[in-house]
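Let's go through a model together and learn to read its features one at a time. Have the view open and ask as we go.

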Amino acid sequence: MQENKTLSRAEWLDKIFGTPVFAVLLAIFCNVLWGSAFPFIKLGYRLFSIETGNTASIFCFAGVRFMLGSFLVLLGSVLLQSRLPKFPRGKVAAECCALGLWQTTTQYAFYYIAVAMLTGAFGGILNSTQSFLGVIFAHFIYGNADRMTPAKTLGCVIGFAGVLIGTLGNHGSGSGWGVFCMMAATIIFTLSGPWNKSVTKKADSFAVCFINLFVGGLALFVLGTVLGGSLHVQSALAMVVMLYLAFICGAGYVLWALLMKNNPVSRIAIFGFVNPVVNVLLSAVLNGEPLFRWQYLAALVFVCVGIWLVNKAPAKKEGGK
């Protein structure tokens, strides 16, 4: 006898986001959004007349973006759950705030400095290391649930080789400090994944995303203001770009949090290869950066092959589930 059970909206979302095919498509979509962020941020700097060395105003720019994105998360909750999220209290609320200061404030302080100092293509290739770091860290954090395999190991080696190729001949593409900031942001992003996954099991995913973005963005804006930064809207296009960037972080964080909650990290983290591809293409279109450089093309090929190997499912053992 089949039991007729009606799923709640939250259970229905978890079921959908836990479906492998749907999860893969959404992971790709998230990385398309994030891949467009780097060139649009550089475009935003120009439209808001922010000099690359004006770190204080860069933090204000980032802070406004994330605070706007946090309200889009609330809108997403209303559209998908037909209600505002239920906000956590006590220790869970404090943990959500701490996650925001780590994943949004700290990560993007480094990231936005790197954007100002690196070309979009070079920065995107460096940032692609998160795809492989996520798989490596997942092996040590989750053990048998996300274990390393020979194919994953080879994929990571080839992927990192692609990143190294991308750096050849790019000594003029950015400072050593810019490279350090991008790698720091990438490592923080990777380490944030398991923490985000843990927190979303204790509280409403939309509430976690809102607190993450709002608290992290507010901290960036306050820090930038204290350091003497400010924002000046130069045109309507500047506001359009800011709203698009807010949409990227709002939609991306909601979707990614739900994906992290309902899937093994390695299933979705490896699709970060889409990020540098979109980054390179849009950097050429929006910011006039060179597209057909052999280093970039070779790096993208290596990274994509590495991603395929990392994502290659191992053969099931006899009698295994």
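This is a predicted model: local features need pLDDT of at least 70, side-chain atom pairs count only at pLDDT 80 or more; totals for chains, interfaces and linings use all residues.

Q: Is cysteine 96 buried or exposed?
A: Buried means under 20% relative accessible area, exposed means over 50%, and partly exposed is in between (1.4 Å probe, protein chains only). Cysteine 96 is at 0%, so it counts as buried. Cysteine 209, at 3%, is buried too. Across the protein, 52% of the 321 residues are buried.

Q: How many helices and strands does the protein have?
A: Helices (H or I, at least four residues) and strands (E, at least two) are DSSP runs, numbered from the N terminus. Here you get 13 helices and zero strands.

Q: Which side chains meet in salt bridges?
A: Look for a side-chain nitrogen of Lys or Arg within 4 Å of a carboxyl oxygen of Asp or Glu. That rule gives two salt bridges. In one, arginine 83 meets aspartate 204 at 3.3 Å, N to O. That pair links distant parts of the chain, 121 residues apart: arginine 83 is in the loop between α3 and α4, and aspartate 204 in the loop between α8 (176–199) and α9. Arginine 83 is partly exposed at 36%, whereas aspartate 204 is buried at 14%. The side chains of lysine 202 and glutamate 95 also meet, at 3.0 Å, N to O. They are 107 residues apart, with lysine 202 in the loop between α8 and α9 and glutamate 95 in helix α4.

Q: How many aromatic pairs are there, by the rule for rings?
A: A pair of aromatic rings is described by the distance of the centres and the angle of the planes. Rings of Phe, Tyr and Trp (its six-membered ring) pair if their centres lie within 6.5 Å; planes under 30 degrees apart are stacked, over 60 edge-to-face, and the rest tilted. The count is 18 aromatic pairs. One of them is edge-to-face: phenylalanine 71 with phenylalanine 210, 5.9 Å centre to centre and 70° between the planes. It joins helix α3 to helix α9 (residues 205–226), 139 residues apart in the chain. Phenylalanine 71 is partly exposed at 45%, while phenylalanine 210 is buried at 12%. Tyrosine 108 and tyrosine 111 have ring centres 5.6 Å apart and planes at 75°, so that pair is edge-to-face. These two tyrosines are three residues apart in helix α4 (residues 90–117), so about one helical turn separates them.

Definitions and conventions: Residues are numbered from 1 along each chain as its sequence is written. Side-chain values use heavy atoms; hydrogens and water are left out.
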